[in-house]
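Please read the points below with the model open beside them. They are meant for someone who has not seen this structure before.

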Amino acid sequence: MAKMAIFYGSTSGITASLATKIHEYFGEDLCDIYSMEEDFDGVEQMLEYDYLLFGCSTWGAGEVQNDWRDPLFDMSIEKPDFSGKTIALFGAGDYVTHGENFVSALGILYDHFQKLGATLVGEIPLDGYTYEYSFAVRNDKFVGLPIDEVNESDKTDERIANWLEVLKPHFPSTSLEAA
Ligand SMILES: Cc1cc2nc3c(=O)[nH]c(=O)nc-3n(C[C@H](O)[C@H](O)[C@H](O)COP(=O)(O)O)c2cc1C
């Protein structure tokens with residue numbers, strides 16, 4: 001089994017395409033990839049891995065993408081143990097139309113998995129981003145990687161590459177040598 005896995009939820013395919021790009025960096029020998037809509041069977045699937053990348057776009061007014069809703073609810077009841085797991089977050093948003101809640105779903109996932117004992121990594125500086133408010137900002141950093149393909153698609157590849165650098169000390173070095 002691969003050492004790490006990506007789980008992503010995506011309504012219009014944007015976070016799915018980010019997940020695919022990130023997966024390409026790691027390669028399929030090192031990293032499995034699961035769509036929350038099509039492949040997710042239960043939290044035990046996540047707990048098989050020590051290193052996890054969770055992708056989730058923001059919908060509604062600062063809410064998680066639909067395919068994450070029931071799994072997060074179930075986990076909030078069952079309280080699975082994520083201690084010892086390293087998790088990094090990424091997801092799509094839209095800072096022009098939804099700048100009052102820009103990528104806020106990342107903040108919801110951050111709080112959720114921190115409560116379950118995980119170590120969250122992959123925070124990045126706010127530099128270069130514009131928004132009014134984001135629940136994904138803590139201590140003057142984003143808790144994960146925000147991507148805005150609607151308005152700033154020209155910045156996506158560089159943002160992903162910079163983020164993979166941030167992950168390097170925290171994820172298996174063999175995985176990130178591919179990056
Ligand atoms: C009804 C609606 C609500 C949205 N709400 C938010 C929001 O609160 N915050 C945000 O950053 N983006 C919001 N967005 C933008 C989406 O997150 C953005 O289009 C994203 O690229 C979708 O990614 P996906 O295809 O992976 O689901 C919203 C979009 C729609 C259509």
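The points cover a strand, the nonpolar core and a pocket.

1. This is a predicted model, where local features need pLDDT of at least 70 and side-chain atom pairs count only at pLDDT 80 or more, while totals for chains, interfaces and linings use all residues. Residues are numbered from 1 along each chain as its sequence is written, and side-chain values use heavy atoms, with hydrogens and water left out.

2. Strand S3 covers residues 51–56; strands are DSSP runs of at least two E residues, and helices are runs of at least four H or I residues, numbered from the N terminus. In S3, 5 of the 6 residues are buried, that is, under 20% relative accessible area with a 1.4 Å probe, protein chains only.

3. S3 runs parallel to strand S1 (residues 4–9), joined by 6 bridges, and parallel to S6 (residues 86–92), joined by 5 bridges. Strands pair if DSSP finds at least two bridges between them. Leu 52 is the bridge partner of Ala 5, and Leu 53 stands opposite Ala 88.

4. The largest nonpolar core has 55 residues; such a core is a set of buried Ala, Val, Leu, Ile, Met, Phe, Trp, Tyr and Cys residues joined through side-chain atoms within 4.5 Å. Among those with the most contacts inside this core are Leu 53, Phe 54 and Phe 82. Phe 82 touches residues including Leu 52, Phe 54 and Ile 87, where contact means heavy atoms within 4.5 Å.

5. Helix H5 (156–167) and strand S8 (124–125) each give two or more residues to the lining of the second largest pocket. H5 gives the largest share, 5 residues.

Technical notes: Buried means under 20% relative accessible area, exposed over 50%, partly exposed in between (1.4 Å probe, protein chains only). Lists of a residue's contacts leave out its neighbours within four places in sequence.
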